[in-house]
Amino acid sequence: MTESPGSDANTPSRNRKRFPGISSRSYEHPADRSALVALRKLSGFDTVFKTLSGLLPERSLRLLFLSDSVRVSDQQFAHLHAMLRDACYVLDLEKVPPMYVNQDPQPNAMCIGLDEPIIVVTTGLVELLDEEEMRAVVGHEVGHALSGHAVYRTILLFLTNLATKVAWIPLGNVAVMAIVTALREWFRKSELSADRAGLLVGQDLQASMRGLMKLAGGNHLHEMNVDAFLKQAEEYESGGDLRDSVLKILNLLPRSHPFTTVRAAELKKWAESRDYQRIMDGHYPRRDEDKDASVSDSFKDSAAHYADSVRTSKDPLMGLVRDIAGGAGDLGGKLRDTVFGTRPNGNGTNGASGSDGSESAGK
């Protein structure tokens with residue numbers, strides 16, 4: 001059962017800005033936002049699937065968590081309950097979703113459900129993070145709830161499971177993989193959206209960074225450094241050759257979450273953007289304007305984001321894509337450089353001789 005937040009009970013423990021009536025469009029990643037705006041325009045789409053919720057394991061999951069986990073309240077995990085109410089207060093979420101702590105040493109959290117979202121965090125996560133780091137995680141999950149990710153994720157998972165059952169049809173596996181790939185790409189972008197919501201709730205970028213570092217390296221903060229951690233993301237993006245670019249794609253495809261260093265770099269970039277500053281100054285889209293959001297404008301924003309990602313990316317494959325799009329004259333040479341990291345000299349041999357006779361590798 002959900003509860004309505006009360007202003008007195010939900011007053012943050014320290015002075016944080018609150019965002020009355022904020023729309024989730026304010027913090028959603030462009031690719032996530034375009035999908036959500038389009039789905040919200042399909043009148044009755046989620047209602048139909050809610051009526052079919054009996055076919056989904058949602059009711060079973062609710063009973064399972066109720067019977068075999070600890071429900072957060074004033075009497076149980078009171079500090080988490082205060083964080084949850086605080087997050088709902090800051091993001092002006094009308095109802096506080098139920099939250100459970102589940103015994104699992106693996107640090108994890110999720111927001112699921114069709115009828116009403118429920119939040120689940122594991123004991124591994126609770127034991128790993130300090131108060132401000134955990135506040136960002138709770139805000140992350142409340143962001144999922146405010147965006148409606150729980151509803152649409154469940155719908156799309158249902159569609160994916162349905163498609164799997166007809167995979168025996170010729171080319172069925174190809175169709176299923178296309179759906180799953182697109183679904184996971186959206187999942188990854190929705191995680192970036194929720195990271196932003198967590199920052200809006202915690203309003204402490206360093207705590208968000210620490211939490212992501214701990215997810216990557218455990219509870220050894222004295223052995224870790226935020227700047228060095230972010231440099232890993234830069235090295236990951238720009239390092240290697242075309243073979244590494246392909247391996248990056250293959251490593252990412254089966255994942256529902258972006259890599260942790262990438263999440264940290266993306267969040268820091270957003271925290272330093274004008275979009276974040278405008279929200280903090282009180283200038284953001286309101287929830288009552290969601291019905292007027294333009295699908296075409298959202299898709300344009302998404303397309304512009306991907307185009308900008310290709311334009312600014314330091315990844316070798318993206319560099320090759322830019323050359324192809326720009327009509328690079330020596331495409332064969334560019335491809336050779338990107339794959340092998342060398343370029344033939346005038347004598348047709350790989351490598352370039354320096355003035356001292358030593359060989360210097362090409363980029």
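R263 and D195 pair up through their side chains in a salt bridge, 2.7 Å from N to O. The term salt bridge here means a side-chain nitrogen of Lys or Arg within 4 Å of a carboxyl oxygen of Asp or Glu. R263 sits in helix 12 and D195 in helix 8 (residues 172-202), so this pair ties together parts that are 68 residues apart in sequence. Helices (H or I, at least four residues) and strands (E, at least two) are DSSP runs, numbered from the N terminus. Both R263 and D195 are buried. Buried means under 20% relative accessible area, exposed means over 50%, and partly exposed is in between (1.4 Å probe, protein chains only).

A quick word on what you're looking at: this is a predicted model, where local features need pLDDT of at least 70 and side-chain atom pairs count only at pLDDT 80 or more, while totals for chains, interfaces and linings use all residues. Residues are numbered from 1 along each chain as its sequence is written, and side-chain values use heavy atoms, with hydrogens and water left out.

## Other charged pairs

How many salt bridges does the structure hold? There are 12 of them. One of them joins D130 to R210, with the closest N and O atoms 3.2 Å apart. D130 lies in the loop between helix 5 (123-128) and helix 6, and R210 in helix 9, so the pair links parts that are 80 residues apart in sequence. D130 is partly exposed at 30% relative accessible area, and R210 is partly exposed too, at 22%.

Then there's K268 with E272, whose side chains meet in a salt bridge at 2.5 Å, N to O. K268 is partly exposed at 27% relative accessibility, whereas E272 is exposed at 57%. Salt bridges with shared partners also join R16, D86, E131, E132 and R135 into one network.

## Helices 9 and 10

Helix 9 (residues 205-217) packs against helix 10 (residues 226-238) at an angle of about 65°, and their axes are 11 Å apart. Those axes are lines fitted to C-alpha atoms, for helices over the stretch in contact, with angles running from 0 to 180 degrees between N-to-C directions. That makes helix 9 roughly perpendicular to helix 10, a label that covers 65 to 115 degrees.

Which hand does the crossing of helix 9 and helix 10 have, left or right? It's left-handed, meaning that the near helix is turned anticlockwise from the far one by less than a right angle.

## Two positive phi angles

F77 has a phi near 50°, a positive value in a residue other than glycine. You'll find F77 in the loop between strand 1 (70-71) and helix 4 (78-90), where F77 is partly exposed with a relative accessible area of 30%.

D92 isn't a glycine either, but has a positive phi of about 60°. This residue is in the loop between helix 4 and strand 2 (99-102), and D92 counts as partly exposed at 23% relative accessibility.

## A contact across the chain

A145 belongs to helix 6 (residues 131-147) and is buried, with a relative accessible area of 13%. The C-alpha atoms of A145 and A194 are separated by 9.3 Å, with the two residues 49 apart along the chain.

How values were computed
Angles under 35 degrees count as roughly parallel, over 145 as roughly antiparallel, 65 to 115 as roughly perpendicular and the rest as oblique.
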